[in-house]
Amino acid sequence: MEKTAYVNGSYVPLSEAKVSVLDRGFLFADGIYEVAAVLDGKLVDNASHLARLERSVGEIRLELPETTARIEEIQKELVARNKLVNGMVYLEVTRGADTGRDFAFPKGVKPTLVMFTAEKDIVGSPAAKTGINVITVPDIRWERRDIKSVALLAQVLAKQAAAEAGAGEAWMIQDGKVTEGGSSSAFILTQDDVIVTRQNGSEILPGCTRKAVVALAEERQLRVEERAFSIEEALAAKEAFITSATVFVQAVVSIDGKKVGSGKPGPLTDRLREIYVEFAKATAV
Ligand code: PLP
């Protein structure tokens, strides 16, 4: 059965879901996106994703065409129509389709809002058990990485390099420190049991999963430090892991071909993953 997508007020078969070639998302990457996981048919941590959506669109002075409450209704409707059990809902809002290609904001143009779903067994994914290899690449992105913009070319190249190297993620490096993964937040566990992840700021996307994992760890009296770390520090760490809406918590077992810790997913990573899955199940809507 063909899946349904949402395009500007209509539910349409995915193969017929289209926007104009004049859409500013297409021409200028003038748009924002969000991805929320779906677990047992429910949206995970969606309030956090919708809050970040509001912040991102505010930063580029783009008005949402629907309230976030209405957006959540549409997300749920799409999950129901697609009988989605486990996976994700992708949503994108752009500054709409003008009549030409002027860089400045068009007047009187309604933003475009599209959504579609994809299936993924996040909890049962094989990489959750084995962990992933990571490569490093220079971080060549722009200076406002806190905005979840659809301009993802640097990450496309980084993740393609990872795929060609048999790695599951690329960690991006700036000034000798890890910023984040191509589509995930980066963490290490130091030899003295401190969980380290880079502080939020314009250098990284404020990950929703990162935020939840930091809070869940702190609630359990685990020590967390939000600061930059280097690859040397990561290679000397006990454990390393990534977080994102579509992987939750996933172990990193090697970086550029060198083992991290035992070269297997570490016990704290496994524990944080269990804690996050429990949180996701208990709070999904
Ligand atoms: N950092 C980047 C660059 C990302 O693209 C993503 C997710 O796509 C993340 C971090 C993780 O964010 P979240 O946990 O909200 O999915």
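Visitor: How many cavities of 30 Å³ or more does the structure hold?

Guide: There is 1 cavity of 30 Å³ or more. A word on ground rules: this is a predicted model, where local features need pLDDT of at least 70 and side-chain atom pairs count only at pLDDT 80 or more, while totals for chains, interfaces and linings use all residues. Residues are numbered from 1 along each chain as its sequence is written, and side-chain values use heavy atoms, leaving out hydrogens and water.

Visitor: What makes a residue part of the lining of the largest cavity?

Guide: A cavity is a set of points on a 1 Å grid over the protein atoms alone where a 1.4 Å probe fits but cannot get out, and lining residues have an atom within 4 Å of a point. Among those that line the largest cavity are Ala240, Val252 and Pro265. Strand 13 (239-244) and strand 14 (248-255) each supply at least two lining residues; strands are DSSP runs of E, at least two residues, and helices runs of H or I, at least four, numbered from the N terminus.

Visitor: Why is Phe248 called buried?

Guide: Buried means under 20% relative accessible area, exposed over 50%, and partly exposed in between (1.4 Å probe, protein chains only). Phe248 has 0%, so it is buried. Phe248 also has a positive phi of about 65° although it is not a glycine.

Visitor: And why does Gln221 count as exposed?

Guide: Gln221 has 66% relative accessibility, so exposed is the label. Gln221 sits in the loop between helix 6 and strand 12 (223-226), and its phi is positive too, about 65°.

Visitor: How do you know that Arg210 and Glu226 form a salt bridge?

Guide: The rule asks for a side-chain nitrogen of Lys or Arg within 4 Å of a carboxyl oxygen of Asp or Glu. For Arg210 and Glu226 the closest N and O atoms are 2.6 Å apart, so the pair passes. Arg210 lies in helix 6 and Glu226 in strand 12, so the bridge ties together parts 16 residues apart in sequence. Arg210 is buried at 3%, whereas Glu226 is partly exposed at 38%.

Visitor: What makes Arg144 part of a network?

Guide: Arg144 meets Glu59 in a salt bridge at 2.8 Å, N to O. That pair links distant parts of the chain, 85 residues apart. Asp146 and Arg144 also meet in a salt bridge, at 2.8 Å. Together with Arg55, these residues are linked in a network of salt bridges.

How values were computed. On a 1 Å grid over the protein atoms alone, a cavity is a set of points where a 1.4 Å probe fits but cannot get out, and a pocket is an open set with protein on both sides within 12 Å along at least five of seven lines; lining residues have an atom within 4 Å of a point. Grid points are joined across faces, edges and corners, and a volume is the space filled by probe spheres set on the points.
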